[in-house]
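Please keep the sequence and the structure in view while reading.

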Amino acid sequence: MENSSEIVSFVLAAYGNIGELKYLYFSIILLWYLSICVANTLLIVVIHVDRRLHEPMYILLCNLCVNEIKFSTSLYPLLLSQMFSDSHEVTLPWCFLQICCLYTSTPAEFCSLAAMAYDRYIAICHPLHYNVFMNTERVFVMILLVWIYSFLSFILSFSFIFSLKFCANTIDNVYCDHQFLIKLSCSVSVHSNISDIFFVILSIFIPFNLISISYMKILAVCQKTSRENKQKAVTTCTPQIISLSNLFVGCIFSFIDFRFLVGKGPDEVRVILPMYLLICQPVLTPFMYGFNLPKIRQSCKKLLFQRK
């Protein structure tokens with residue numbers, strides 16, 4: 001057993017010997033990462049340039065897009081750099097930084113959707129008081145609270161990892177994950193047994209309950225309104241519901257140990273399934289909102305095709 005003081009880096013063993021396929025994998029990952037950054041940045045720019053979109057819902061959407069870029073950047077640059085590495089090593093500080101970025105993005109995603117659901121609740125259920133409850137100052141306070149809550153969720157759940165002593169340095173994955181670090185520690189902390197449950201409660205269960213309450217109240221109001229108002233509510237709420245559903249699928253893949261579910265399948269499947277959230281969600285968000293919300297769709301067309 002190695003001395004814990006000698007562990008200064010980890011080896012990402014899941015890359016294996018990919019040979020000449022590394023050029024293909026590198027191209028696919030780079031293209032996907034650039035697509036995520038361009039799509040989310042375009043949406044942010046469109047909302048910033050078009051003054052008609054300087055409304056609470058679109059400002060909250062900008063925050064969601066920023067989180068998608070952060071979420072992706074916490075993974076893809078590491079994958080790209082490791083493609084041409086012979087050792088597949090990552091230093092301890094960088095590993096901790098990646099875990100921090102990954103596990104602050106998840107609560108930020110759910111909390112951002114909770115803020116957007118609250119915005120839709122006020123707009124649909126209390127339209128006359130919308131400008132009072134959802135002015136610009138309050139929106140920016142909500143965004144600040146989203147990030148504070150996200151970092152607190154991570155710190156309260158996984159801060160014990162930073163004090164662990166490690167007796168091995170081989171991570172059977174393509175990126176750093178807290179569960180693998182716990183397995184490599186010399187002694188299992190009592191906190192590790194409840195950290196995942198605590199994190200799920202803080203980052204998923206609480207925001208989801210807030211979202212559910214908002215949409216149940218929206219549904220109750222929509223049943224009493226005209227068909228036109230129902231259609232408008234469906235148009236604005238559908239992207240959020242789809243994003244939330246996709247998040248749940250990704251979280252299920254992330255928290256279930258797929259080595260038991262697909263142990264007979266190829267290693268690629270075991271590696272990719274837990275990464276579903278990192279692959280799909282950052283692309284889904286800008287395209288869902290960009291193509292489904294009429295104002296954003298019109299502004300995108302104007303910015304890209306009608307500029308003089």
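## A nonpolar surface patch

Patches are made of residues with over 30% relative accessible area and no salt bridge; like charges are joined within 9 Å, and nonpolar side chains (Val, Leu, Ile, Met, Phe, Trp, Tyr) within 5 Å. Accessible areas come from the Shrake-Rupley method with a 1.4 Å probe, and for residues only the protein chains shown count as cover. The model is predicted: local features need pLDDT of at least 70 and side-chain atom pairs count only at pLDDT 80 or more, while totals for chains, interfaces and linings use all residues. Residues are numbered from 1 along each chain as its sequence is written, and side-chain values use heavy atoms, with hydrogens and water left out.

A nonpolar patch on the surface is formed by Val-141, Leu-144, Leu-145, Ile-148, Leu-152, Leu-156 and Phe-198, which together have about 640 Å² of accessible area. Helix H6 (residues 136-158) contributes the most, with 6 residues; helices are DSSP runs (H or I, at least four residues), numbered from the N terminus. Ile-148 belongs to helix H6. With a relative accessible area of 41%, Ile-148 is partly exposed, a class between buried (under 20%) and exposed (over 50%), judged with a 1.4 Å probe and protein chains only.

## Buried positions

Gln-281 is found in helix H12 (residues 276-292) and is buried, its relative accessible area being 0%. The side chains of Gln-281 and Asn-246 make a polar contact at 2.6 Å (a pair of N or O atoms within 3.5 Å; within protein, one must be able to donate a hydrogen and the other to accept it, and residues adjacent in sequence count only if both atoms are side-chain atoms).

Helix H2 is also mostly covered, with 14 of its 18 residues buried.

## Salt bridges

Side chains of opposite charge can pair when their charged atoms come close. The structure holds 3 salt bridges, each defined as a side-chain nitrogen of Lys or Arg within 4 Å of a carboxyl oxygen of Asp or Glu. In one of them, Glu-55 pairs with Lys-295, with the closest N and O atoms 3.1 Å apart. This pair links distant parts of the chain, 240 residues apart: Glu-55 lies in the loop between helix H1 (21-49) and H2, and Lys-295 in helix H13 (residues 294-305).

Arg-52 and Asp-50 meet in a salt bridge at 3.0 Å, N to O. Arg-52 is partly exposed at 47% relative accessibility, whereas Asp-50 is buried at 12%. Arg-120 and Asp-119 form a salt bridge at 2.8 Å between the closest N and O atoms, and both residues are buried.

How values were computed. Helix = DSSP H or I, 4+ residues; strand = E, 2+ residues; numbered from the N terminus.
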